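Dear colleague,

I am passing this structure on to you, with a written account of what was found in it. Please read the account with the coordinates open beside you.

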Amino acid sequence: MRAQSSATAPTRIAVPAPARTFGTLQAALGVAAFSLTFPATAWGLEGFGPWSLVAVRSVLAALVAGGCLLALRIPLPARAHWPGLAVVAAGVVVGFPLLTTLALRTSTTAHAAVVVGLLPLTTALLSALRVGTRPSRTFWAAALAGAAAVVAFTVQQSGGALTTADLYLFAALLVCAAGYTEGGRLARTMPGWQVIAWALVLCLPLSVPAAALALSHEPVHLGAHSVAGLLWVAAGSQFLGLVVWYRGMAAIGIPKASQLQLAQPLLTLVWSVLLLGEHLTVAAPLTATAVLVCIAVTQRARG
């Protein structure tokens, strides 16, 4: 592989309406893929230990990503991109999967959805600091309202009790928001799928020995649920979902794309009912309506 030439600073270009619509669709597909992550992780934990599940999913996703890079003869990223890719790798490839998997050993998917409920607001905040975006007051008001609605709903779903898993969840929130922000920034100057592909490949020197070590210490019980859960978190959540997610962020901007994730906890709860047999309260449709209104406001707000 040959190295790309040094990247120049991206310029702000007006995005045509069709491109914005397609970008919104791609970001929404990413959210749909992410919404299955917690239920799939719960399935994976039926047959794998937490460390094995995280390490093996990273290796499998990296093999898929590396195969695509080799098949298409993609050159190495410019040297200036590697620090950003390292942030993406630390936050999205390693940090968030590991911390949420550890949390899901003792937390329900409903309780863990608090992380996702706060993620859009945290991503928007980090984007304002890192990328220099300045959303309007209307945007911030709608984002805060949507985050509050989601947090209130998910906490109510878990009975209002805080668990020891909360430290893992809040740490996961911060590292994932950093990875999303840096990935969205990089997707302005290189294809979004290459951002996550190179981040996954960057982790291979760590994920391969980690997988071997974890598998030698944690018991493995292969079953339909555990295998399906592993394959989804590896191919769907870790690679394909992030491909369309970063492309969407590059098209419509990090703050607006991040607010689409307000719907993710509610989608996760639906999957939890269908796949895990968890039960929801009558508050679900009310919260869903409030969140959809907030999403509509953030998508129309200027800034």
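For the angles that follow, axes are lines fitted to C-alpha atoms, for helices over the stretch in contact, and the angles run from 0 to 180 degrees between N-to-C directions. Please keep in mind throughout that this is a predicted model.

**Helix 5 against helix 7**

Two packed helices are described by the angle between their axes and the distance between the axes. Helix 5, which covers residues 109-130, packs against helix 7, residues 165-186, at an angle of about 40°, and the two axes are 8 Å apart. Helix 5 is therefore oblique to helix 7, since angles under 35 degrees would count as roughly parallel and those from 65 to 115 as roughly perpendicular. The crossing in which helix 5 passes helix 7 is right-handed. On the helix 5 side, the residues that take part are H111, A112, V115, L118, L119, T122, T123, L126, S127 and R130, and they meet D166, L169, F170, L173, L174, C176, A177, A178, Y180, T181, E182 and R185 of helix 7. By class, the residues of this contact between helix 5 and helix 7 comprise 13 nonpolar, 5 polar and 4 charged.

**Helix 8 and its surroundings**

Helix 8, residues 192-202, is mostly covered, with 9 of its 11 residues buried. Those buried residues are G192, W193, Q194, V195, I196, A197, W198, A199 and L200, and they pack against helix 3 (50-71), helix 4 (82-103), helix 7, helix 9 (204-217) and helix 10 (224-252).

The axes of helix 8 and helix 10 come within 7 Å and cross at roughly 140°, so the two helices are oblique to each other. Helix 8 passes helix 10 in a crossing that is right-handed. From helix 8, the residues G192, W193, V195, I196, A197 and L200 meet Q238, F239, L242, V243, Y246 and R247 of helix 10, and the residues of that contact divide into 9 nonpolar, 2 polar and 1 charged.

Q26 belongs to helix 1, residues 17-35, and counts as buried because its relative accessibility is 9%. Apart from neighbours within four places in sequence, Q26 is in contact with V244, W245, R247 and G248.

S52, which lies in helix 3, counts as buried because its relative accessibility is 0%. The side chain of S52 is joined to that of E218 by a polar contact of 2.7 Å, and, not counting residues up to four places away in sequence, S52 touches A214, L215 and E218.

F38 lies in helix 2, residues 37-44, and is buried, with a relative accessible area of 4%. Not counting residues up to four places away in sequence, F38 touches F96, T100, L104, T109, A112, A113, V116 and T268.

Helix 6, residues 137-157, contains A143, which counts as buried because its relative accessibility is 0%. With residues up to four places away in sequence not counted, A143 touches L121, Q259 and T298; A143 and Q259 are 116 residues apart along the chain, and their C-alpha atoms are separated by 6.8 Å. A152 also lies in helix 6, but this residue is partly exposed, with a relative accessible area of 48%. A152 and T287 are 135 residues apart in sequence and 9.0 Å apart in space, C-alpha to C-alpha.

**A backbone detail**

Most residues other than glycine have a negative phi. R73, although not a glycine, has a positive phi of about 55°. R73 is located in the loop between helix 3 and helix 4, and counts as exposed because its relative accessibility is 71%, where over 50% is the cut-off for that class.

With kind regards

Note on methods:
Residues numbered from 1 in each chain as written. Predicted model: local features only at pLDDT ≥ 70, side-chain atom pairs only at ≥ 80, totals over all residues. Heavy atoms only, no water. Helix = DSSP H or I, 4+ residues; strand = E, 2+ residues; numbered from the N terminus. Parallel < 35°, antiparallel > 145°, perpendicular 65-115°, else oblique. Left-handed = near helix turned anticlockwise from the far one by under 90°. Contact = heavy atoms within 4.5 Å. Nonpolar A, V, L, I, M, F, W, Y, C, P; charged D, E, K, R; others polar. Buried < 20%, exposed > 50% of the residue type's maximum accessible area, 1.4 Å probe, protein only. Polar contact = N/O pair within 3.5 Å; in protein donor to acceptor, adjacent residues only side chain to side chain.
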